Amino acid sequence: ILCVMAALAALFLGSAALTLKARVPAGLAPLVTLSCIVAVLTLAGMAGVLYPAAWAVYALCAAGGVWALLPPKEGKKRYYAQLATPGSVTFWALALAFAVYFFVRQPMATVSDEFSLWATAVKVTKVDNSLYSTASLGTPWAVTQNPGLPLLSYFFQFFGRYADWKIYLAYDVLFFAVYAAVLSVLPWKQWRVAVPMAAVLWVTPFFFTVYNHTIYLTTTYMTSYGDVPAGLVFGGAVAAWLALRQTSAPKWAVLPILALSANLKANTFVLALVAAGLVAVDE
């Protein structure tokens with residue numbers, strides 16, 4: 001639990017730096033931070049320096065967060081109030097709750113494709129501290145898939161031993177970051193809108209993955225597959241743009257999210273192009 005809490009702490013510090021120093025809305029900051037982390041780890045993995053780059057990412061998040069959280073000379077209350085919005089509070093509450101729950105229950109990979117690629121790729125990346133495409137997995141399919149999701153999980157797997165449940169936590173944190181991005185435009189005075197919207201966001205993945213009556217465990221929030229993240233990050237990129245435009249925040253923050261959308265699976269580049277097209281038309 002301390003290993004994943006270290007990842008969440010680094011994510012919090014990095015998000016705080018973006019909010020307090022770069023004017024990225026607090027609800028949107030976790031998604032932007034996760035996207036930047038995956039982009040850095042992807043480039044580092046391609047260069048063969050994944051392990052030291054991960055240390056550098058943790059150090060940079062810590063340094064940036066500590067620098068941002070240093071109390072200002074005046075207006076402390078208003079300064080730190082930027083970090084507490086309906087979106088950010090929802091995100092951190094869900095992330096911490098799922099970290100504890102998955103640590104206690106420790107779910108394991110159970111589906112065939114998790115063993116042929118999705119979970120195996122994360123384990124190889126963790127054990128070898130390099131991209132899974134350099135390992136012999138016994139199937140040519142693995143090297144055709146983009147490394148975005150395994151590297152996101154690698155960030156949460158970095159400390160401690162490999163565990164399947166850390167994959168689920170990493171991907172669920174990404175889901176919650178998308179939800180927070182959608183909620184990021186709502187202030188506390190609009191909590192009557194934020195609460196039902198959060199409930200709708202929570203059931204959205206079920207709506208697209210559970211088609212019929214079922215008597216089996218629904219693994220929507222316990223899967224290492226890339227399908228649900230692909231759809232959510234695609235929508236999250238567009239939602240992030242609308243939030244940035246409405247709050248007069250720096251619009252560059254949508255770029256790493258678009259890059260993450262393109263890097264999740266081998267066929268999600270077209271989704272990133274559609275999201276970029278929607279952004280361009282709206283602009």
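**How exposed is D282?**

Is D282 buried, exposed or partly exposed? With a relative accessible area of 33%, D282 is partly exposed. On this scale buried means under 20% relative accessible area, exposed means over 50%, and partly exposed is in between (1.4 Å probe, protein chains only).

**About the model**

This is a predicted model, where local features need pLDDT of at least 70 and side-chain atom pairs count only at pLDDT 80 or more, while totals for chains, interfaces and linings use all residues. Residues are numbered from 1 along each chain as its sequence is written, and side-chain values use heavy atoms, with hydrogens and water left out.

**Three salt bridges**

Side chains of opposite charge can pair when their charged atoms come close. Here, a salt bridge is a side-chain nitrogen of Lys or Arg within 4 Å of a carboxyl oxygen of Asp or Glu. The structure holds three of them.

Let's go back to D282: its partner is R245, and their closest N and O atoms are 2.7 Å apart. D282 sits in helix α12 and R245 in helix α10, so this pair ties together parts that are 37 residues apart in sequence. (Helices are DSSP runs of H or I with at least four residues, numbered from the N terminus.) R245 is partly exposed too, at 41% relative accessibility.

Next up, D227 and K265 meet through their side chains, at 3.0 Å from N to O. D227 belongs to helix α10 (residues 227-247), while K265 is in the loop between α11 (254-262) and α12 (269-282), so to speak a link between distant parts of the chain, 38 residues apart. D227 is partly exposed at 48%, but K265 counts as buried at 14%.

E283 is in the segment after α12 and K251 in the loop between α10 and α11, 32 residues apart. E283 counts as exposed, at 58% relative accessibility, and K251 as partly exposed, at 37%.

**Where α2 meets α8**

Now for a pair of helices. α2 (residues 29-47) and α8 (residues 164-183) pack at about 135°, with their axes 7 Å apart. Axes are lines fitted to C-alpha atoms over the stretch in contact, and angles run from 0 to 180 degrees between N-to-C directions. The two helices are therefore oblique to each other: angles under 35 degrees count as roughly parallel, over 145 as roughly antiparallel, 65 to 115 as roughly perpendicular, and the rest as oblique.

From α2, P30, L31 and L34 meet V173, L174, A177, V178 and A181 of α8, where contact means heavy atoms within 4.5 Å.
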